[in-house]
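Me: Please go through the assignments in the model below, setting each value against its definition.

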Amino acid sequence: MHVNLYEKIWMYAAAGIILVFLASMGYTTLGRAMQPPSHIETIDPASVRTDPEFGSPGVTIHEDGTATVVIQAFMFAFLPLEIRVPRGRDVTFRMTSPDVIHGFQIVQTNGNTMVVPGYVSQFTTRFDRAGEYLIVCNEYCGVGHHVMSATLIVEDMPASAGTGEAPAETGETPAETGEASAGAGETPAETGEAPAGTGASAGTGASTETGESAAGTEGDR
Ligand code: CUA
C-alpha cells in the first residue's frame, strides 16, 4: 500500500516524539528519582498534639543559617501563627494535620503544599525578598476555612543567631478583614483576615511579588 511521503514524515515524527516522551519519563523516574515523594513519613493524627516535634511547633534556626519550620495545621488555624524565617537561606517547612486535609500556601511564592492527616508534608524553599507574606489554607476544610491563615515574616538574620531582630521592613497595611469567600481560597490575596488573636494583622503591604527560587518545592509534596 502506498503511503504519501508527507504522511510518512508525520507518522515517524509522531512516533519519535512519543519515544522521546517515554524515554524522558523513564530517565527522570529511574535516573533522577523523580517519584512522587509523598507518603514517606507518616504520623498518627491522634498524637500530633503530643508529638515531640509537632506538639511544639516553631522555627529552628540552624548553625549554618538555614531554618526548619514545624507547623501544625488544624481547623482552623496554623501554629505558629507568626513565622519568622531568614532571607536568602534554605527554609524547610514540615507540617501535619491532626484533623482534616488542609492546604498551606505562602501567597505569591512557590511555597505550596497539601497537609494531609497521617502524613508529614515537607518542602524546602528560600525567600529572596524580605517582608511579610500571607499564608492561607487552600483546601476547603470546614466552616472556618476562610479564616485559616498565618503570617510569614522574612527578614535578614545573622547566620548563627536564633532570633535576630533584623530591621527588615515588615510592610504596613490596612489590616482589612477580608470577607474571603469560603471557596477554594484560590484568591488568597483577599484573605486578609487572620485567625483570632494573631496580633499579626499589622500589615502585609509588602509581599508583592517575590522572585525566589524554587528549591524543591515540587518535589516534596
Ligand atoms: Cu484548613 Cu481550609
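Reply: Two strands pair if DSSP finds at least two bridges between them. Strands (E, at least two residues) and helices (H or I, at least four) are DSSP runs, numbered from the N terminus. This is a predicted model, in which local features need pLDDT of at least 70, side-chain atom pairs count only at pLDDT 80 or more, and totals for chains, interfaces and linings use all residues. Residues are numbered from 1 along each chain as its sequence is written.

Me: What makes β6 and β9 a pair?

Reply: DSSP must find at least two bridges; β6 and β9 have two bridges, in the antiparallel sense. In this region I106 stands opposite I135 in β9.

Me: How many bridges join β9 to β10?

Reply: Six bridges join these antiparallel strands, and at least two are required. L134 has T151 in β10 as its bridge partner.

Me: Why is β9 called largely enclosed?

Reply: A residue is buried if 20 or more other C-beta atoms lie within 10 Å of its own, exposed if 12 or fewer, and partly exposed in between, with C-beta atoms placed from the backbone. Six of the six residues of β9 are buried, so the rest of the structure largely encloses this strand. G131, Y133 and I135 point one way, E132, L134 and V136 the other.

Me: What makes the set around Y133 and I135 a nonpolar core?

Reply: Such a core consists of buried Ala, Val, Leu, Ile, Met, Phe, Trp, Tyr and Cys residues joined through C-beta atoms within 7 Å. The largest has 37 residues, and Y133 and I135 are among those with the most contacts inside it. Its largest share, five residues, comes from β2.
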